[in-house]
Every structure is written in structure tokens, then in C-alpha cells.
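Here is a short briefing to read alongside the model. Take a look at the structure first, then go through the notes below.

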Amino acid sequence: MENVHVIDHPLIQHKLTIIRDKNTGTKDFRDVVNEIARLLAYEVSRELPLKDIEIETPLVKTTQKTIAGKKVVIVPILRAGLGMVDGMLDLIPAARVGHIGMYRNEETMEPVEYFCKMPQGIDERELLIVDPMLATGGSAIAAIDALKKRGAKEMKLVVLVAAPEGIKKINEAHPDVAIYTAAIDEKLNDKAYIEPGLGDAGDRLFGTL
């Protein structure tokens, strides 16, 4: 079975429609992407481990829950993934942030890593790899490969929109990495764009259309 979770909360679906609309401008697109990322973070963090600690309320001493272990690392795939970071940090403010950059080799069409900067101890942290689009899966697979080589063990891929082709490739290459998405779209077109999709997320986020 595919290791994919579709977060179909009504608020997420409503906001996804806004960013799909070609008439949504850069500022609104950026704001709504962050809002969706915040809502996705709520669902993705549902399984974070907890431990008991003793505290004192204004009335009594009590044993309550707190997040256990080392904190989450949010890892945007540059550049479009940057658009999801602030929204996720709003909900998980103690998270560290790593960055990984990929570009496509024009001759081989394969993704090439050009930058990677991670917090220490990623082998003991849960990494949330974020990118608005999961299209062919090439960049995400390359990013996961690079992070595993650096010792990462627990990872989730968090996207706004995914194509079936990309999901299949991630599941084949990294079946241990769960995919969280707001929608699974119909297909990739002949230019490897997701349809219906939302266009080039990086260009729409940063106004470089």
C-alpha cells in the first residue's frame, strides 16, 4: 500500500483552491501557502512522542505530557520549500531548520545537490522535508538520499499537491518515508507539470513569473 496521507480538512481544501487560482497574486499566494503549511504541520506532528513530567499548577502538583526527545527539523527543498517554513514554525516554534538545494542538470535532467546545511544530530531527530509540489519525485528522492547519507533516519515528506507518478517513485525508492499532501492531482503533463496543479510554486511565491 502506498505510504501516503491525504490531509483533506475543509479549511485546507478551501485554501488550496485559492492558490490554484491563476488570479491569486504573489502576496496572497505566499500568505495562503503558509496557512496551509501551518494546518499540515498540525496533522504531521500528530504522532510526536510524549513523556510525563511533573509540574505545579496554581492549585496542585500534577503529572502532564510534554514532547519527548530531540526536536523536529524542518527541511525546505530550495527554493520553493522556503514558502512553507514560516507556517510550520508558527505551530512548532522550537523546530530547527535545515536547508537543501537541488538544481536540474540540463543534459541528464537529473537533480544535482548544490547546498546542504543541517543542524547537528539529525540521526536523532525527525525531519519534515517540505516542498509545495511533488511532481516527478526526482528532487525529493535526491534530497532524501542526501539526508540518509548524512545519518537521517526518521523523515516525512510534506507537500501541498502531489502527482500519482511522484508518489509511486517515492514509495519505490524510499518506502520508509511517509508522504503527507493536501491533494493528489490527476497527472503530470508532457512538460512534467502537475495538472490541475497550481503552476510553478517557486515563481508564484517569489514573483518571478
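**Charges and overall build**

The chain carries 27 positive and 32 negative charges, and their mean positions lie 4 Å apart. Lys and Arg count as positive and Asp and Glu as negative, while His and the chain ends are not counted; each charge is placed at NZ of Lys, CZ of Arg, CG of Asp or CD of Glu. Please keep in mind that this is a predicted model, where local features need pLDDT of at least 70, side-chain atom pairs count only at pLDDT 80 or more, and totals for chains, interfaces and linings use all residues. Residues are numbered from 1 along each chain as its sequence is written, and side-chain values use heavy atoms, leaving out hydrogens and water.

**Fold and dimensions**

- The chain has six helices and 13 strands (DSSP runs numbered from the N terminus: H or I of at least four residues for helices, E of at least two for strands).
- Its radius of gyration is 18 Å, close to the 17 Å that the globule rule gives for 209 residues, so the chain is as compact as a globular protein of that length (taken over C-alpha atoms; the rule is 2.2 Å times the number of residues to the power 0.38).
- Along its principal axes, the C-alpha trace spans about 65 × 40 × 35 Å.

**Burial**

- Of the 209 residues, 45% count as buried (under 20% relative accessible area, with a 1.4 Å probe and protein chains only).

**A strand pair**

- Strands β2 (residues 50-56) and β3 (residues 61-67) run antiparallel and are joined by seven bridges (pairing takes at least two DSSP bridges).
- A hairpin of four residues links β2 to β3, and E54 stands opposite T63 in β3.

How values were computed. Buried < 20%, exposed > 50% of the residue type's maximum accessible area, 1.4 Å probe, protein only.
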